[in-house]
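Student: I have a structure to study today. Can we work through it by question and answer?

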Amino acid sequence: YQLLTHSLVVAVVLFALGVVGFLARRNLAIILISSAIILQGALLAIDSFSTFHGNESGDLLSAAVALI
């Protein structure tokens, strides 16, 4: 349970940093990097929940989205 909490805290921090970077800057490169950070935060949350519940489908989803 503690691992899930720590993973979700990191996911929320990544997501929040991505949103701040996306909204605060007007540079295209920064916007693209920020959107990638948002996606990584969301994927970390999905992967954390799937690992917590013992389901490996979240790992497959994370790998598929990361490859694309």
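Student: What share of the contacts in the chain with a separation of 6 or more comes from residues 24 or more positions apart?
Tutor: Contact means heavy atoms within 4.5 Å. Take the contacts in the chain with a separation of 6 or more. Residues 24 or more positions apart account for 42%.

Student: Before we go on, what kind of model is this?
Tutor: Residues are numbered from 1 along each chain as its sequence is written, and side-chain values use heavy atoms, with hydrogens and water left out. Local features need pLDDT of at least 70, side-chain atom pairs count only at pLDDT 80 or more, totals for chains, interfaces and linings use all residues, and the model is predicted.

Student: Which helix has the lowest confidence?
Tutor: Confidence here is pLDDT, the predictor's score for each residue, from 0 to 100. The chain averages 91, and 100% of the residues score at least 70. The mean is highest in α1, at 95. It is lowest, at 84, in α3.

Student: What pattern does the chain follow along the sequence?
Tutor: Helices (H or I, at least four residues) and strands (E, at least two) are DSSP runs, numbered from the N terminus. The chain has 3 helices and 0 strands. Read along the sequence, the pattern is α-α-α.

Student: How much of the chain is buried?
Tutor: Buried means under 20% relative accessible area, exposed over 50%, and partly exposed in between (1.4 Å probe, protein chains only). The chain has 68 residues. Buried residues make up 21%.

Student: What part of the accessible surface belongs to carbon and sulfur atoms?
Tutor: Accessible areas come from the Shrake-Rupley method with a 1.4 Å probe; for residues, only the protein chains shown count as cover. The accessible surface of the chain comes to about 4900 Å². The part belonging to carbon and sulfur atoms is 74%.

Student: Is S62 buried or exposed, and why?
Tutor: Find S62 in helix α3, residues 57-67. Leaving aside neighbours within four places in sequence, S62 is in contact with L43 and D47. Its relative accessibility is 12%, so S62 counts as buried.

Student: How far apart are the C-alpha atoms of S62 and S50?
Tutor: S50 sits in helix α2, residues 28-52. Along the chain, S62 and S50 are 12 residues apart. Their C-alpha atoms are separated by 10 Å.

Student: Why does S50 count as buried?
Tutor: Look at what S50 touches. Beyond four places in sequence, S50 is in contact with N55, G58 and D59. S50 counts as buried because its relative accessibility is 8%.

Student: Which residue has its backbone oxygen 3.0 Å from a polar atom of the S50 side chain?
Tutor: A polar contact is a pair of N or O atoms within 3.5 Å; within protein, one must be able to donate a hydrogen and the other to accept it, and residues adjacent in sequence count only if both atoms are side-chain atoms. Here, a polar atom of the S50 side chain lies 3.0 Å from a backbone oxygen. That oxygen belongs to D47.

Student: Which residues does L44 touch, not counting residues up to four places away in sequence?
Tutor: L44 is in helix α2. At 26% relative accessibility, L44 counts as partly exposed. L44 touches S7, V10, A11 and L14.

Student: How far apart in space are H6 and S48?
Tutor: H6 is in helix α1. H6 is partly exposed, with a relative accessible area of 47%. H6 and S48 are 42 residues apart in sequence. In space, C-alpha to C-alpha, they are 9.4 Å apart.

Student: What about V20 and I46: how far apart are they in space?
Tutor: V20 also lies in helix α1. V20 is exposed, with a relative accessible area of 53%. V20 and I46 are 26 residues apart in sequence. C-alpha to C-alpha, they are 21 Å apart.

Student: Is L17 buried or exposed?
Tutor: L17 has its place in helix α1, residues 2-24. Its relative accessibility is 55%, so L17 counts as exposed.
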